[in-house]
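Here is a request for a short briefing on one chain. Please cover strand pairing, a helix face, aromatic contacts and model confidence.

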Amino acid sequence: MVPFLYKVAQVFYTQYGNELYKHTFVFPNRRAGLFFQKYLASIATKPLFSPTVITIQELFSSLSSYQPADKIEMLVVLYDHFRKLSSSPESFDDFLYWGEMLLNDFDDVDKYMADAGQLFRNVYDFRSLDDDLTHLNKSQVDAIRRFWKNFLPVEGNVTKQKFQETWKVLHDLYTSFRGELRDKGVAYEGMMFREVAEQAKAKAERKWLTDSYVFVGLNALTTSEMILLDYLRDQGMADFYWDYESPFVHDKKNRASLRVNENLLRYPSKYSFNGLAEKSEKPKIELVGIPSGTGQAKLVAQILSNLVDSKEIPDPDEAINTAIVLPDENLLLPVLYSIPEEIGKINVTMGYNLSNASVASLVDHIALLQINLRVSNGETVFYHRFVKSILNHPLVMMAAPMEAETLKNHIITYNRIVTSESEIPSHPLLKQIFQPVTLWREIPGYLKSILSYLYNSLTEEKNSEENPSGDTRSIDLEREFIVKYYKSITRLQDKLEEVENMTAETFFSLLKKMSRSINVTFSGEPLSGLQVMGVLETRAIDFENLIILSMNEGVFPLKNPSNSFIPYTLRKGFGLPTYEHQDSTYAYHFYRMISRAKRVYMLYDTRTEEMQSGEVSRYFYQLKYLYREAFHIMERVATYEVSAPMIMPITVTKTAGIIKKLDAFRAGGESFLSATLVNNYIDCPLKFYFIAVEELSEESEVQESVESDVFGSIFHRLMEAVYNRYRGCTVTPDVLTEITRNDEYLTVILEKAFARYYFMDEENPRPLQGQHYLIGEILRSYVKQTLETDKQFTPFEYIGSEYRFNRPYRVNKELSVNFKGSIDRIDRKGERYRIIDYKTGTGETGFKDILQLFDASKNNRPHQILQVFLYGMFYNMENPDAILSLAVYYLRSVFKDFNPAVMCGNHPVEDISVYLPEFRNYFNSLLEEIFDAQVPFTQTKNEKNCQWCAFKRVCNR
């Protein structure tokens, strides 16, 4: 393979030798110029003065009288002019999106030398088109007629009216905006291009840098570029070399051919490459599908290793003839991490985007924190999710580890949905971060103070005695990112100095956009090693081995039609770029890129989820069906060794260590069994093992809403508070009616219960607001309805609530266990005591027989009844003369015709002693099994019990 740039260098060295420095070579990008100089040096084999090498953009900049304008500054200027011309009250925040769109449109108008006055003219009547056609050609007139014919009338259509109101001021906005930039001596790129082109068109005299410009590897020329090239050609000052050797770019059916013939005829080359023709061989193209972006990066490592092993990369340390091309730049880091160790040098042309740095993610978290802050009871509060995101950030954890951990624990312990400013630990960094910033002008100083502190902390970390000889490269990199971000904030602050009507959210948005436009370049030798680059960096450069990732339709070519205020019809009529222009440009880049490669690997993502189609790029199908004879094409799908092995049941043998833990539940030990743990064992012995023996539980989180367990705890507390005033007293219907009418009292106990179980701050009850108020009202209604249900049992004597027992239970001669529990309520009617349990859900109050209570094989086992039976049994042990009945109050049933009495078959359980002998037999057998060393803890056979289990993933069920 003889690269295109090598051929250009060889021709010019042959013709001019040591006089080559008199020429200026113009390339589409800097990388192409570097490769050209490399080839020139290898051809010359001796020192010589290098010719000037610049890009086409640098050429126009050098010929323009303007300096490049800052984009943020231009948006501010454009906004000021828009407000003056339109008298619109629109804020800078609302203007920002389509302000950027207008900047792009103005750039296109100037680069393609469109007549802005005619383009942006107002058309209310088609007859106005006949007034002055001198500046319009037929296609432009037709374009205007087609557009306004479909667009008018606008009456009754708000969108059309808004468009026309804005369209009216566009020409004046374009003119006044450019006028202010001109006065300041700055310009956007299109404005600079237009100035240079107009001077060339007018044949204005100027001092040129050289008498000979050589344009190499260009393709999609704008109108302004063509005017300058025409002028230089006519003056005999220009020569042109097009990389059009590939037969595919000459195929009329191929969109890559759009400008080929025109460029060759309009800008001919002075010298020919015919004598440098090479014998070509069929390139090998391999398409590989893989269902992952990261998987593509991993496959790159395999391909590179194979190329090294087969000597297709002769020297792994100097793999300059191999390039990895990334249409999706998000794969840069996965690719870099995947490159095998035998590849010695890597040159990345893309740089590392500042928005991917950890300091950028911290600022993003801070932005969310500040944008969403609120004031409650006269104090600034921050939403817990944003607080925890900041506390978990590596930079914050490094600078304030103890304080960050303390605050996180505080938030969890006291269920702080919002964290007040007064709760922030006394640490300089945390105090700086968690201070309210409401005005955008305060943000730059606020952020810079945070970044300064982090920079100093990293410096201290680098110089600390704990790691005197450690690797500090990551710290140096973090500090570099912080410095870059600091400078970005300062720059943005300067550009927005004159803006008044802007929110803090917009400032953070602009800062994020600015960070995306800043790349931290990688240092290294650009002309050696494996090349990792984007699509545009490949222009005019050739490689023997190409690995192209993301060969998916919509990624390459990019399916991203640029937003524009100028409709398609008018764009086409006035010669502005349309999606066909973008399509042909991408097609040319692709076919030129592969034109001299010997081996091309195309990797694509096969996934069809979310926005991904899993579709291969059209370019591959074109190669496969239109140009198949020119290539050796192979296709395959990279598959993972994925199998679905049979899930083996989990069994935990009771080892000596487990037996020792179980012994803690024996009488005299420190642990206690409960009705809940007994139900857990019946449902699933393995679940009992996780919870009771290993003491595993779900990770604590802040409860933003009142979950069912907290809801139940609050209700229990309310009922206890209501009835405790009548302990030992007779409760009549009048008493219950009086309670239900006393809303002031119910509000007080509601607030106290919320403070205890939800806000975790029992000493400071507070009025309920928002969602908490609504839930409080639901609880109020449940309390009232429960009291209404109780009226059917009046008069009764209230004995007590939350009756706690804590005692040993003898199973047999060898086994006694600790057992504890809390009975929700006990009352007495006549000689009979009633054991009551409250449940927040729904359920049955009836059961068939005692065996059903212990039968885990049946769905919907009445575990609530087993629990109240256990409570009754232990109360009976402490009060053997009491006659006990059982009741379960299901809150979701109290609004119906509901009887809470527990029923066995058709008979209410009015004396528990009748059932206790059989109940104890089953209960004792269950406890003996739990403590039997020979019986392992196994998974339940009834997978219905796994549906809501917290350990479902552990068991793979």
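Tyr-809 has Val-817 in β22 as its bridge partner. This is a predicted model, in which local features need pLDDT of at least 70, side-chain atom pairs count only at pLDDT 80 or more, and totals for chains, interfaces and linings use all residues. Residues are numbered from 1 along each chain as its sequence is written, and side-chain values use heavy atoms, with hydrogens and water left out.

- Strand β21 (residues 796–810) pairs with β22 in the antiparallel sense, over 12 bridges. Strands count as paired if DSSP finds at least two bridges between them.
- Strands here are DSSP runs of E with at least two residues; helices are runs of H or I with at least four; both are numbered from the N terminus.
- Five residues separate β21 from β22 in a hairpin.
- β22 also pairs with strand β23 (residues 832–839), again antiparallel, over five bridges.
- The β22–β23 hairpin has two residues between its strands, and Gly-830 in the turn has a positive phi of about 70°.
- Strand β22 (residues 816–829) is mostly covered, with 11 of its 14 residues buried. Buried means under 20% relative accessible area, exposed over 50%, and partly exposed in between (1.4 Å probe, protein chains only).

**Helix α3**
- Ile-56, Leu-59, Phe-60 and Leu-63 are buried in helix α3 (residues 56–63).
- These residues lie on the same side of α3, because they cover an arc of only 95° around the axis. The arc is taken from the directions from the helix axis to the C-beta atoms.
- The buried residues of α3 pack against β1 (24–27), β2 (52–55), α9 (189–201), β5 (213–216) and α10 (223–234).

**Aromatic pairs**
- Rings of Phe, Tyr and Trp (its six-membered ring) pair if their centres lie within 6.5 Å; planes under 30 degrees apart count as stacked, over 60 as edge-to-face and the rest as tilted.
- The count comes to 77 aromatic pairs by this rule.
- Phe-12 and Tyr-241 form an edge-to-face pair, 5.4 Å centre to centre with 80° between the planes.
- That pair links distant parts of the chain: Phe-12 is in helix α1 (residues 4–16) and Tyr-241 in strand β6 (residues 238–241), 229 residues apart.
- Phe-12 counts as buried at 1% relative accessibility. Tyr-241 counts as buried at 2%.
- Tyr-79 and Phe-95 form a tilted pair, 5.3 Å centre to centre with 50° between the planes.
- Tyr-79 lies in helix α4 (residues 71–86) and Phe-95 in helix α5 (residues 92–111), so this pair ties together parts 16 residues apart in sequence.
- Tyr-79 is buried, with a relative accessible area of 2%. Phe-95 is buried too, at 0%.
- Ring pairs also link a cluster whose members include Phe-805, Tyr-809, Phe-819 and Phe-847.

**Charges over rings**
- Lys-111 lies over the face of Phe-193, at 5.2 Å from the ring centre.
- Arg-766 lies over the face of Phe-759, at 4.1 Å from the ring centre.
- The rule requires NZ of Lys or CZ of Arg within 6 Å of the ring centre and within 35 degrees of the ring normal.

**Confidence**
- The chain averages a pLDDT of 88, and 92% of the residues score at least 70. pLDDT is the predictor's confidence in each residue, from 0 to 100.
- Over residues 124–131 the pLDDT is below 50; this stretch has 11 contacts in the model beyond near neighbours in sequence. A contact means heavy atoms within 4.5 Å.
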